[in-house]
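Colleague: I am new to this structure. Could you take me through a few of its local features?

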Amino acid sequence: MTFKPNFKNGGYSLQSVLTAAFLLLVAIVLSCVLLLVVPRVSGMLQQSAVERTKETVLQGVNSVEIYVDSMLRALHYTTGLLPRTLDGDNISWHESLDFMRSSRSDTATLAFFLEDGSLCYSTDGPLRVSPEEVRKAPWFQKALRWEGTVSHFSLPHVQDLFESQRRYVISISRSVPYEKDGLQHTGVLLMDIDYLAFSQVSGGIALGESGYVYLMDENGTLVTHPKLPLIASGILTEDRTAVNTATLGITGDRVEGRERILITATVSQTRWRLVGAAYADEILKLQSAFIRTISIVLIAAALACLA
């Protein structure tokens with residue numbers, strides 16, 4: 001005689017017990033996937049997206065540094081074209097400055113000023129302001145104060161020193177020693193860089209569909225921005241509270257209800273900072289797609305088990 005266990009005495013059949021055990025096992029597996037696997041994979045995708053964005057920002061920093069280095073090399077080379085003494089009638093160096101100016105499409109002006117602020121020579125013609133106004137200019141004062149050890153970078157401004165120029169530029173200046181009447185003096189060499197040419201170096205960097213990068217100085221003032229004219233006119237604003245607080249590294253904020261990831265890095269030789277502003281819903285699309293897909297799979301699996 002064969003013994004057959006009867007599971008109906010307690011009110012449950014063998015099939016019911018097996019089904020319940022199977023459903024419990026599936027529930028445990030799905031819970032483990034939901035609580036352990038999904039957050040881990042989601043976190044890895046988020047970290048990967050942020051790292052890719054950071055790499056893009058650092059590539060932008062490298063591009064700006066290369067461009068700044070080329071400007072400084074041009075400025076230092078121009079310094080070597082200036083005469084050591086202004087005694088005599090040697091003006092051949094004027095042609096050298098003119099050629100240097102014409103050889104760089106991004107250079108708006110090259111000018112050499114004497115210690116009293118008077119113009120020695122400019123590729124853009126005579127001054128329209130007095131030497132006193134030149135001496136009061138920050139680019140002139142800081143260049144003299146730093147004594148040639150560091151070149152001064154100005155904020156973007158309309159250059160109105162010269163009669164023939166009204167261009168939006170970034171000015172770079174450094175002090176240059178010279179001799180006159182047997183005495184040593186210190187003048188200032190000025191190089192104006194066209195703002196549009198400079199801004200295009202970082203303007204082509206895209207972070208997602210609507211993310212962007214911008215430059216600001218050590219005080220948090222904007223140097224370049226894709227929408228700088230609108231910001232300068234007060235039509236738009238750029239919230240820099242988070243990046244001014246964090247200074248360097250990765251931080252974030254919210255703009256118009258959207259979360260932004262902010263990545264800040266320093267541009268060497270300028271003390272400026274390049275900031276990448278990326279919208280989380282754009283750079284984390286892969287993470288969102290993964291969560292949606294895994295959610296659909298888990299729901300489908302649960303429904304299949306209950307069917």
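Modeller: Let us begin with a polar contact, a pair of N or O atoms within 3.5 Å, where within protein one must be able to donate a hydrogen and the other to accept it, and residues adjacent in sequence count only if both atoms are side-chain atoms. A polar atom of the Thr-270 side chain lies 3.1 Å from the backbone nitrogen of Trp-272. The model is predicted: local features need pLDDT of at least 70, side-chain atom pairs count only at pLDDT 80 or more, and totals for chains, interfaces and linings use all residues. Residues are numbered from 1 along each chain as its sequence is written, and side-chain values use heavy atoms, with hydrogens and water left out.

Colleague: Which backbone oxygen lies 3.0 Å from a polar atom of the side chain of Thr-270?

Modeller: That of Val-267.

Colleague: Where is Thr-270 found?

Modeller: Thr-270 is in the loop between strand 10 (258–267) and strand 11 (272–279). Strands here are DSSP runs of E with at least two residues, and helices are runs of H or I with at least four, numbered from the N terminus.

Colleague: Is Thr-270 buried or exposed?

Modeller: Thr-270 is buried, because its relative accessibility is 6%. Buried means under 20% relative accessible area, exposed over 50%, and partly exposed in between (1.4 Å probe, protein chains only).

Colleague: Changing topic, where does Ile-235 lie?

Modeller: Ile-235 lies in the loop between helix 6 (228–232) and helix 7 (241–246). Ile-235 counts as exposed because its relative accessible area is 59%.

Colleague: And where is Asp-116?

Modeller: Asp-116 is in the loop between strand 1 (107–113) and strand 2 (119–122). Asp-116 is partly exposed, because its relative accessible area is 42%.
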